[in-house]
Amino acid sequence: MTSKTKLEFSNDKKVKMTNGTTSENDTYELSGNDLKIKNEDDEVIMRAKLADDRKSFKVKSIAGDIFGILKNIKFTRQS
């Protein structure tokens with residue numbers, strides 16, 4: 001199974017997520033290499049770990065993924 005998800009991070013802590021539908025009201029927090037993405041209700045919907053070069057991150061958990069099949073998915077920065 002393949003899927004394409006696009007995440008666009010802005011300097012004002014907003015993240016736009018597109019994967020069939022678009023979410024524009026999500027925010028993110030970055031603490032060291034730990035990334036949290038929250039929905040508009042301020043609930044954490046994704047936790048991830050940034051690579052040391054900060055060009056990619058690997059998902060640690062996603063809300064609603066009860067079987068853990070989305071864990072360790074890697075997102076890579078594209079220019």
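User: Which residues are linked in a network of salt bridges?

Analyst: E29, K38 and D42 form that network. A salt bridge here is a side-chain nitrogen of Lys or Arg within 4 Å of a carboxyl oxygen of Asp or Glu. This is a predicted model, in which local features need pLDDT of at least 70 and side-chain atom pairs count only at pLDDT 80 or more, while totals for chains, interfaces and linings use all residues. Residues are numbered from 1 along each chain as its sequence is written, and side-chain values use heavy atoms, with hydrogens and water left out.

User: What are the N to O distances in it?

Analyst: For E29 and K38 the distance is 2.8 Å, N to O. For D42 and K38, the closest N and O atoms are 3.7 Å apart. The side chains of K38 and E29 also make a polar contact at 2.8 Å. That term means a pair of N or O atoms within 3.5 Å; within protein, one must be able to donate a hydrogen and the other to accept it, and residues adjacent in sequence count only if both atoms are side-chain atoms.

User: Is K38 buried or exposed?

Analyst: K38 counts as buried, because its relative accessibility is 12%. Buried means under 20% relative accessible area, exposed over 50%, and partly exposed in between (1.4 Å probe, protein chains only). E29, at 37%, counts as partly exposed.

User: Where does K38 lie, and what does it touch?

Analyst: K38 lies in strand 4. Strands (E, at least two residues) and helices (H or I, at least four) are DSSP runs, numbered from the N terminus. Not counting residues up to four places away in sequence, K38 touches D26, T27, E29, E43, V44 and I45, where contact means heavy atoms within 4.5 Å.

User: How many salt bridges are there by this rule?

Analyst: The count comes to four. One of them joins D34 and K60, with the closest N and O atoms 3.7 Å apart. D34 is in strand 4 (residues 34-38) and K60 in strand 6 (residues 56-62), so this pair ties together parts that are 26 residues apart in sequence. D34 is partly exposed at 33% relative accessibility, and K60 is partly exposed at 40%.

User: Changing topic: which residues make up the largest nonpolar core?

Analyst: It has 12 residues: L7, V15, M17, Y28, L35, I37, M46, A48, L50, F57, V59 and F75. Such a core is a set of buried Ala, Val, Leu, Ile, Met, Phe, Trp, Tyr and Cys residues joined through side-chain atoms within 4.5 Å.

User: Which strand gives the most to this core?

Analyst: Strand 5 does, with three residues. Strand 2 (14-18), strand 4, strand 5 (44-50) and strand 6 each supply at least two.

User: And what does L7 touch?

Analyst: Leaving out residues up to four places away in sequence, L7 touches V15, K16, M17, F57 and F75.

User: What is the volume of the largest pocket, and which residues are closest to its centre?

Analyst: The volume is about 1,100 Å³. Of its 30 lining residues, T5, L7, F9, F57 and F75 are the closest to the centre. On a 1 Å grid over the protein atoms alone, a pocket is an open set of points where a 1.4 Å probe fits, with protein on both sides within 12 Å along at least five of seven lines; lining residues have an atom within 4 Å of a point. Grid points are joined across faces, edges and corners, and the volume is the space filled by probe spheres set on the points.
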